[in-house]
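I opened the notebook today to look at one helix and at the charged pairs around the fold. My entries below follow the order in which I looked things up.

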Amino acid sequence: MKKILVYAFAILSGAVMFTSCSEDDLSPESIITVDQVDYTKFDYWLKANFINTYNIDLKYRFQDIETDHNYYLIPADYNQSIKLAHIIKYAVLEAFDEAAGINFTRANFPKQIYLVGNWEFRNNGTFVLGTAEGGKKVFLAGVNLLDENLSSIARLNQYYLKTVYHEFTHILNQTKDYAADYQLITSTGYVAGEWSDPPYNAANYCLEHGFISAYAQHSHGEDFAEMFSIYVTNTAEQWDAWMEAAGTDGANYIASKLFIVRDYMEKSWGIDMDELRSIVLRREADIVAGKVELSDLTVK
């Protein structure tokens, strides 16, 4: 008898629950909100200036799937992301437009830029400013520190613009390779991850051994990207000062590399590096002088 009563109670309870559920009003809106966001003025500005103009998707919202899980990362600040987007547009995309034509920029610049707030810190004391992935994506870190570096061309270059030019060089190299002779100029000088260790990180060591930066000692691919990105974001006077510090042998090695980089950019992409440098420096100076409105989200 007890079993019958228990089963009857269970059936009755289920019937009541079913009746109650069937009488609920169903919402026409899905409870699944993956990828659903409230679009901001910045989103509409990005659509007009990045997606519609260059077919580039700049992502400033934090997305776990886009990040390297080996690092602790934080989201990019909304207002500083707006400023960095303006800077990339003015000092990189439009600089290439001016030097090589907008069709070059549209065809070759990676189709995704992903921003995060802090640097990717490594255990050896170095940190990652950015990366290029598969010819399609550029990752940029340290967005939340942009404001404190906006007053200096040197810092703006060091942490942001040189990084974008460096990573874009990798993209170009993945599309068209450079002459194999490049890696033979200082073939015994590449030290991979030890570039940040003594003696390779000592003052002027890299220059004296034919490398434009300490990181250029990592590998010939990084060396090539450093040569291009540092050359076009620094003045002729600064370059000459580095060559003087490099000494005769170091300066000769760097000059041989620069010749190959120039030839590659001219023949493969139709880019005159000196013309591009003058454009970049002018546009950088405009940014630091406050001549570019970095917060304007007006869509024309």
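The entries cover the model itself, then a helix, then the salt bridges.

**Entry 1, the model.** I note that this is a predicted model, in which local features need pLDDT of at least 70 and side-chain atom pairs count only at pLDDT 80 or more, while totals for chains, interfaces and linings use all residues. Residues are numbered from 1 along each chain as its sequence is written, and side-chain values use heavy atoms, with hydrogens and water left out.

I took helices as DSSP runs of H or I with at least four residues and strands as runs of E with at least two, numbered from the N terminus. Helix α7 spans residues 220-232, and its 13 residues reach 19 Å from the first C-alpha to the last, close to the 18 Å expected at 1.5 Å a residue, where the expected span is 1.5 Å times one less than the number of residues.

I then asked how far α7 is enclosed by the rest of the structure. Because 12 of its 13 residues are buried, α7 is largely enclosed; buried means under 20% relative accessible area, exposed over 50%, and partly exposed in between, with a 1.4 Å probe and protein chains only. The buried residues of α7 include Asp 223, Phe 224, Met 227, Phe 228 and Tyr 231, and what covers the buried residues includes α3 (78-100), α5 (153-175), α8 (236-269) and α9 (273-288).

I looked up Lys 257 and Asp 223, whose side chains meet in a salt bridge at 2.6 Å, N to O. Lys 257 lies in helix α8 and Asp 223 in helix α7, so the pair ties together parts that are 34 residues apart in sequence. Both Lys 257 and Asp 223 are buried.

Next I followed Arg 283, which forms a salt bridge with Glu 98, with the closest N and O atoms 3.0 Å apart. This pair links distant parts of the chain, since Arg 283 is in helix α9 and Glu 98 in helix α3, 185 residues apart. Arg 283 is buried at a relative accessible area of 10%, whereas Glu 98 counts as partly exposed at 37%.

Finally I checked Asp 43, which forms a salt bridge with Arg 61, the closest N and O atoms being 2.8 Å apart. Asp 43 sits in helix α2 (residues 41-54) and Arg 61 in the loop between β1 (57-59) and α3, 18 residues apart.

Technical notes. Contact means heavy atoms within 4.5 Å. A salt bridge is a side-chain nitrogen of Lys or Arg within 4 Å of a carboxyl oxygen of Asp or Glu.
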